[in-house]
Amino acid sequence: MQLMRRALVQARQAAEAGEVPVGAVAIDAQGAILAEAGNNCIGASDPSGHAEMVVLRRAAQVVGNYRLPGLTLYVTLEPCPMCAALMVHARIARLVFGATDPKGGAIVSKYRIGSDGLLNHGFSVTGGVCAEECGNLLRDFFRGRR
């Protein structure tokens, strides 16, 4: 719960910058925080600037390896296919997410990347952590944009 709250802080900061409010935090097997970030697609002019992508890139730099075994990723929104594929490639151990994404979620909503057994690596998944708060943040953001 505490680490999802940290991810929510990152999501709120992303919203303040005009980004879709998604935040992520990565920890190693001992529980040390390796990286945290919010979405940065607009600010960086980078279509891959999703919070998960930014955090996994930073964590890989901290560790000095593109493989991240033992890593747990906390993210406020169920990851998309691009981010889920990166998690498989990075060999993360666990994903914890907040709100589901019925339109584009690749973990439990539309696809089951990472847990369907179709790829060469899988990771454990815990969803629904602080789901209401995570979902409300997104709904309020988009409501304000309309």
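I began with the UniProt record, an unreviewed entry, which annotates residues 1-126 as "domain: CMP/dCMP-type deaminase"; its positions follow the numbering used here, feature names are shortened, and annotations may be inferred rather than shown by experiment. I noted that the model is predicted, that local features need pLDDT of at least 70 and side-chain atom pairs pLDDT 80 or more, and that totals for chains, interfaces and linings use all residues. Residues are numbered from 1 along each chain as its sequence is written, and side-chain values use heavy atoms, without hydrogens and water.

I looked up the span 1-126: its end C-alpha atoms lie 12 Å apart, and it is 33% helix and 21% strand. Helices (H or I, at least four residues) and strands (E, at least two) are DSSP runs, numbered from the N terminus.

I then turned to helix α5, residues 131-145. Its 15 residues reach 21 Å from first to last C-alpha, close to the 21 Å expected (1.5 Å times one less than the number of residues).

I asked which residues of α5 are buried. They are Cys134, Gly135, Leu137, Leu138 and Phe141; buried means under 20% relative accessible area, exposed over 50%, partly exposed in between (1.4 Å probe, protein chains only). They lie on the same side of α5 because they cover an arc of only 155° around the axis, taken from the directions from the helix axis to the C-beta atoms. I found that they pack against α1 (2-16), β3 (72-77) and β4 (94-99), with contact meaning heavy atoms within 4.5 Å. The face turned away carries exposed Glu132, Arg143 and Gly144.
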